[in-house]
Amino acid sequence: EPFAGRWGRRFSDAEGRGYLFFKHTRKAGGTSLRSYFFRALEHHDSSRTFDLSPVARAGFESGELDRTRQGEYLRRMYERRREKTEERRRATAKARKEGEASMPSYDVRYVEQEFDAMDWQCPMVDPRWNNSLRVVTLRHPIERHFSEFFFSGPGRQHELNKTLLYKNRTYTDELAGFIQEHFPLWMEENHAYPQRKKPEGMAKERWEKTQRPFGRYYTDNFQLRSLAGCSSGDCLDEYDLDEAEKDGMLDRLANPADADNCTFYFIAADEPFDSCHKIPDPEACPGGCDGPCFYESLARGPVTREHLVRAARSLDSFDAVLVTDRL
């Protein structure tokens, strides 16, 4: 299928309703790409991601948000959104009156999956996949691990000065010594396997969250695992699950709209809120998330050639695979 024009064709086939599914591989340029998607959706005026959450709407209407930089941005964005909606309404009414084809109107839901593995069978079992434009980012695994190490691992304690790197011998030697000391220890806490011991002083709730293998720490074969998750079928036999746990996973697969994780929408300081976003809000999002592949998927334990085959099949189903060379 030609890539040019695929946006319109894909969502037209979905009868005006579709998804922009972004498999956000951590530390592979995903945040920059998210900003690009935001601008693209704003340009096409085709996404519900501009709706404010109930909390943000209340603050907007009371004037409370106006006292913050974020609130000022939201007010400008919201007013612009209303103006563009009105312009579209007038243009559509005029086109109908003159007997012309009305402007295409899409309801595109932006779906971003970052902290979980994607079920490798999702393209085959989730009908919403066919109504999605699918994008994934990848990066050289060593570069990606080093980026995570300096962004959220022990390396964040060491200021990385690229101006001095390789130009100041003392600085470069000190940095090399720091990496040699701390990087192997960081790798020993491999989150591809359940951690053996809760760090002293860490709250139980926080410890449970850090058990997720696709967060801000080292996980071997990170990118492969993120595309080779298992939610049903024979691959579940690779995990030590009792029948109740298996039935629970299959039930969530059969009822994906009841997923625990809410769809990842834009919630950064310079971007709008949405009622379903990164942080699950049972009041704002009682029905869970509406988006492909947003159900539990397992990706822990030893990696075999079969996992590589699954990841390759997942990758083959994307419309665009963007490889980050250097960041």
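**Terms and values in the predicted model**

Guide: In α6, the buried residues are R144, H145, S147, E148, F149 and F150. The model is predicted, so local features need pLDDT of at least 70 and side-chain atom pairs count only at pLDDT 80 or more, while totals for chains, interfaces and linings use all residues. Residues are numbered from 1 along each chain as its sequence is written, and side-chain values use heavy atoms, with hydrogens and water left out.

Visitor: What do the buried residues of α6 pack against?

Guide: They pack against β3, α7 and α9 (222-226). Helices (H or I, at least four residues) and strands (E, at least two) are DSSP runs, numbered from the N terminus. The protein has 11 helices and four strands.

Visitor: Why are α6 and α7 called roughly perpendicular?

Guide: The axes of α6 (residues 141-151) and α7 (residues 169-188) come within 12 Å and cross at roughly 100°. Axes are lines fitted to C-alpha atoms, for helices over the stretch in contact, and angles run from 0 to 180 degrees between N-to-C directions. Angles under 35 degrees count as roughly parallel, over 145 as roughly antiparallel, 65 to 115 as roughly perpendicular and the rest as oblique. The pair α6 and α7 is therefore roughly perpendicular.

Visitor: Which residues make that contact between α6 and α7?

Guide: H145, F146, E148, F149 and F150 of α6 meet L175, F178, I179, H182, F183 and W186 of α7; contact means heavy atoms within 4.5 Å.

Visitor: Why is D126 counted as buried?

Guide: Buried means under 20% relative accessible area, exposed over 50%, and partly exposed in between (1.4 Å probe, protein chains only). D126 has 4% relative accessibility and therefore counts as buried. D126 lies in the loop between α5 (122-125) and β3 (132-139).

Visitor: What makes the link between the side chains of D126 and R128 a polar contact?

Guide: A polar contact is a pair of N or O atoms within 3.5 Å; within protein, one must be able to donate a hydrogen and the other to accept it, and residues adjacent in sequence count only if both atoms are side-chain atoms. The side chains of D126 and R128 are joined at 3.0 Å.

Visitor: How confident is the predictor over residues 48-53?

Guide: The pLDDT (the predictor's confidence in each residue, from 0 to 100) stays under 50 over residues 48-53. Where pLDDT is low, the predicted coordinates should not be read in detail.
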